[in-house]
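The structure comes first, followed by the points grouped by topic.

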There are 2 protein chains.
Amino acid sequence: MRIQELAKEHALLESCAEVLSWDEETYLPANALAHRADQVAWLHSRAHELVTSAEWEDALNEALENDSNKNSRDVQNLRLLERELRRAKCLPIELINRESVACSKGKHAWAKAREKSHFPDFLPHLEVLLDIAREKAELWGYSGEAYDALLENYERNTSTAQIVACFAALEPAVIEISTAAIQHGKMRTTLLPAGPYPVAAQMELNARVAAAVGFDFDSGRIDTTAHPFCTTLGPRDIRITTRYDENDFTSSLFGVLHEAGHGLYEQGLPVDDFGLPSGKAVSLGIHESQSRLWENHVGRSRAFWHVWYPKAQEIFPQLKSFPLEDFMHYLWRAEHSQIRVEADEATYDLHIFLRVDLERRLLAGNLTARDLPEAWNAGYTARFGFAPEDDRHGCLQDIHWAMGGIGYFATYTLGNMHAAQLFAAAMKDASIANEFATGNFSPLLDWLRNAVHRHGGLIDPWDLITSATGVAPNSSPYIHHLRNRYLGS
Amino acid sequence: MRIQELAKEHALLESCAEVLSWDEETYLPANALAHRADQVAWLHSRAHELVTSAEWEDALNEALENDSNKNSRDVQNLRLLERELRRAKCLPIELINRESVACSKGKHAWAKAREKSHFPDFLPHLEVLLDIAREKAELWGYSGEAYDALLENYERNTSTAQIVACFAALEPAVIEISTAAIQHGKMRTTLLPAGPYPVAAQMELNARVAAAVGFDFDSGRIDTTAHPFCTTLGPRDIRITTRYDENDFTSSLFGVLHEAGHGLYEQGLPVDDFGLPSGKAVSLGIHESQSRLWENHVGRSRAFWHVWYPKAQEIFPQLKSFPLEDFMHYLWRAEHSQIRVEADEATYDLHIFLRVDLERRLLAGNLTARDLPEAWNAGYTARFGFAPEDDRHGCLQDIHWAMGGIGYFATYTLGNMHAAQLFAAAMKDASIANEFATGNFSPLLDWLRNAVHRHGGLIDPWDLITSATGVAPNSSPYIHHLRNRYLGS
């Protein structure tokens with residue numbers, strides 16, 4: 001089918017841009033940034049031309065008209081491509097260009113405003129970005145609230161109401177568990193033995209760990225960047241990155257486990273469908289469920305460290321006098337942080353509840369952008385018991401809104417919820433659980449490959465979790481996990 | 001001008017392909033090769049479409065019609081673009097596609113034939129490639145011999161007769177000097193102290209050396225590959241590579257100096273003209289002159305090691321008991337090798353004379369492809385005094401013919417000649433020579449920037465050497481250099 005060829009050509013083009021973006025984050029010389037921006041812009045622009053071309057639409061329509069001849073997988077792919085096209089066609093090109101300029105200016109202004117911790121410098125940009133988000137939501141349409149239309153960008157066929165119901169059950173539990181965990185931690189402070197933990201040795205341990213959980217280095221790599229990420233440069237080219245702290249080897253290691261979780265999902269997608277919906281990850285929430293599962297449910301488990309702590313002790317001799325029990329205590333420490341990306345497992349979701357609440361109110365017009373710092377500080381204080389020291393540590397800390405990503409934050413807590421639900425479902429299989437207890441995680445990976453990865457984007461995220469676990473997405477398994485880990489019951 | 005914009009877009013596209021090719025050589029995971037080939041092919045194909053489009057030709061013609069309004073630099077660029085287009089239009093698309101397939105199959109067959117040292121497996125491909133080369137030469141036209149038309153790909157406005165005249169004067173001198181140098185070396189064998197020379201320490205030394213000769217790491221990098229190269233990913237993004245031998249640190253260091261010589265040329269081209277003829281290197285011979293100048297005239301000089309040998313001795317303690325005089329003797333050793341890329345300075349050109357002679361005869365039909373191994377061995381024996389052990393070490397060693405690069409080999413010896421001529425001309429300036437003697441090479445780089453780099457592709461290579469040195473290209477300075485270095489007179 002011509003439309004399949006075009007979709008694959010589109011993916012090929014975008015994958016070229018990904019190579020250039022990866023290089024920009026890893027190895028680009030300082031003076032080369034401007035040319036690199038031109039290169040990436042050219043590629044994205046050609047990719048955009050392709051999906052909005054008459055040729056694309058004609059090829060899709062032609063395939064749809066003849067879809068009775070096709071197998072059901074082809075038909076599903078066609079329906080999903082049609083859905084994407086319909087959604088793309090809702091937005092006039094003028095709006096897309098306006099948004100692209102606003103995001104570019106917004107990111108620039110945000111970076112400077114954050115540096116100076118001066119919200120008014122970012123305010124006019126945020127106002128423009130919110131107006132554009134509302135305009136897009138109206139053009140796309142929604143049945144509940146405007147937030148639904150934006151959430152759709154990240155979580156297909158998932159409603160704000162569904163998410164809000166889960167979060168409403170989760171939030172009081174997280175507050176209760178994290179408060180108790182912090183209280184508990186104050187009674188027993190554990191510090192990791194002093195560094196240095198040499199970077200070369202960390203790299204060696206990380207690579208062994210990544211390989212042990214199933215990350216395929218013949219189809220991927222680990223490099224070093226300021227902000228860890230996972231990116232797909234081709235169907236057999238999945239690259240993850242981490243950063244190193246010579247005082248704490250667990251920082252790079254959990255970065256690798258998190259990104260390897262993303263990477264295992266990408267490496268488990270159907271290779272031959274690269275570029276088609278069936279060859280793509282279905283949603284950010286599902287993606288995050290994979291990274292959080294490997295980071296927290298595997299990487300912070302006793303079973304994991306029962307195997308890996310002796311190896312870490314060999315590599316880092318200062319750990320030899322630090323018992324495993326103390327190390328686990330260090331991994332499970334809980335404390336209130338102002339910065340989301342530094343938050344531990346016990347308190348992380350509080351940061352998300354705050355942001356989702358604020359962005360829904362901003363979008364609905366119940367909160368004006370001007371009042372964001374005040375509302376942030378109030379919402380933060382209600383959840384954490386103290387106010388951020390300034391806007392830099394408050395409403396200016398994240399890039400997401402500045403790049404137009406309203407609706408994105410919800411996917412982080414969805415990921416946490418889904419991870420716990422998937423992990424609990426897998427552990428019901430005694431053979432998976434028994435192997436897990438011995439530090440063999442490959443039956444778990446096989447289960448995820450079968451339940452999640454192989455479906456690519458063919459099953460809506462909510463349905464995917466339901467079909468994988470037998471129960472609709474809900475917060476109970478995650479609450480159970482947090483309670484178990486932090487309160488030991 | 002529209003044509004300038006198109007030329008810059010073409011360069012942008014090709015520079016995207018260069019990023020992907022660089023990554024392929026440095027960091028690509030094993031399984032990702034097939035997708036990478038698709039990505040690069042897509043980009044080259046779009047680039048080719050652009051330069052052969054009606055839009056390109058129209059834009060060029062429009063600019064040419066109005067060229068009285070333009071400054072002379074613009075006019076020169078237009079004339080050069082017109083020349084390229086005229087040359088491109090000589091070849092039908094059918095031939096270009098046929099050549100592309102033949103090169104791809106040729107490279108594949110060559111690699112397997114070389115591995116087995118079995119020329120007959122490569123023969124049919126070589127025959128096809130030679131037919132295509134002859135066909136192209138006829139379509140382009142030539143006044144002297146067919147080789148002229150192919151040489152034009154690498155050395156604009158340079159005739160085979162000009163090159164052959166230089167080589168005829170050079171060859172007996174090289175034979176005389178290398179024979180004496182080898183004889184001399186047999187009387188005094190010097191071996192570098194035993195390794196290991198740790199790779200990390202080599203990297204540190206190489207980076208310091210590259211920076212000291214002027215390579216700008218804010219606009220470039222050094223990475224590791226099986227075969228060293230230099231590539232331009234953007235006007236401020238010049239990347240060089242090297243490979244490491246733990247038994248001999250000079251291998252990677254001279255690799256870096258050679259590639260840094262290419263890199264300095266690229267970093268010295270007019271940045272704002274990236275994509276225009278005035279922003280490009282003018283020829284392979286001129287490019288090679290820069291690499292050989294920094295590798296051999298700077299890097300193998302006493303002045304260089306007077307400064308850098310003490311630093312090398314600090315980094316590699318085993319050198320402390322190895323006097324500088326012995327080290328220089330090691331650097332200037334001469335011996336007959338079967339493999340071109342392993343040849344020393346004294347014998348390198350013999351490999352080139354052999355190849356240029358053979359490819360001219362193949363092209364003219366005075367030698368059939370079937371008889372190549374025999375002719376190779378005869379020509380090799382005449383120059384080296386013994387025959388290669390097999391075709392793997394003989395006519396199958398180089399990839400150039402297999403990828404359609406007939407006429408390419410001549411540029412290596414042209415580079416050696418030009419390097420000596422440029423270096424000698426620069427050294428006539430006492431202030432450059434005095435600084436050079438103290439190990440300060442930046443006046444030399446300034447001279448090259450002014451005499452060569454800043455002109456980009458605006459001056460034909462033969463004229464560029466003439467204008468830079470006051471004399472037409474000739475082999476005397478190179479013979480003088482070799483005699484001086486190897487026979488000490």
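In this predicted model, strand 2 and strand 3 (residues 237-242) of chain A run antiparallel and are joined by 4 bridges. The two strands form a hairpin, with 2 residues between them.

**Hairpin in chain A**

- Strand 2 of chain A spans residues 230-234 and is mostly covered, with 4 of its 5 residues buried.
- Within the pairing, A:Thr232 stands opposite A:Ile238, a residue of strand 3 of chain A.

**Interface of chain B and chain A: extent**

- The contact involves 35 residues of chain B and 35 residues of chain A.
- Interface size is often expressed as the accessible area that is lost when the parts come together.
- Between chain B and chain A the buried area is about 2700 Å².
- Carbon and sulfur atoms give 65% of that area.

- By the rule applied, 6 salt bridges cross the interface of chain B and chain A.
- A:Arg239 and B:Asp23 meet through their side chains in a salt bridge, at 2.8 Å from N to O.
- Between chain B and chain A, 18 residue pairs are in polar contact, counting pairs with both residues at pLDDT 80 or more.

- Five elements of chain B each supply at least two residues of the side that touches chain A: helix 1 (2-26), helix 2 (33-51), strand 1 (220-224), strand 2 (230-234) and strand 3 (237-242).
- Helix 1 of chain B gives the largest share of this side, 9 residues.
- By class, the side of chain B that touches chain A has 17 nonpolar, 11 charged and 7 polar residues.

**Site of A:Arg485**

- A:Arg485 lies in helix 20 of chain A, which covers residues 476-487.
- A:Arg485 counts as buried because its relative accessible area is 13%, below the 20% cut-off.
- The side chain of A:Arg485 is joined to that of A:Glu345 by a polar contact of 3.0 Å.
- With neighbours within four places in sequence left aside, A:Arg485 is in contact with A:Asn296, A:His297, A:Arg300, A:Ser301, A:Trp332 and A:Glu345.

Notes
Residues are numbered from 1 along each chain as its sequence is written. Chains are lettered from A and ligands numbered from 1 in the order in which they are written. This is a predicted model: local features need pLDDT of at least 70, side-chain atom pairs count only at pLDDT 80 or more; totals for chains, interfaces and linings use all residues. Side-chain values use heavy atoms; hydrogens and water are left out. Contact means heavy atoms within 4.5 Å. Buried area is the accessible area (1.4 Å probe) that two parts lose on being put together, summed over both. A salt bridge is a side-chain nitrogen of Lys or Arg within 4 Å of a carboxyl oxygen of Asp or Glu. A polar contact is a pair of N or O atoms within 3.5 Å; within protein, one must be able to donate a hydrogen and the other to accept it, and residues adjacent in sequence count only if both atoms are side-chain atoms. Ala, Val, Leu, Ile, Met, Phe, Trp, Tyr, Cys and Pro count as nonpolar, Asp, Glu, Lys and Arg as charged, and the others, Gly among them, as polar. Buried means under 20% relative accessible area, exposed over 50%, partly exposed in between (1.4 Å probe, protein chains only). Two strands pair if DSSP finds at least two bridges between them.
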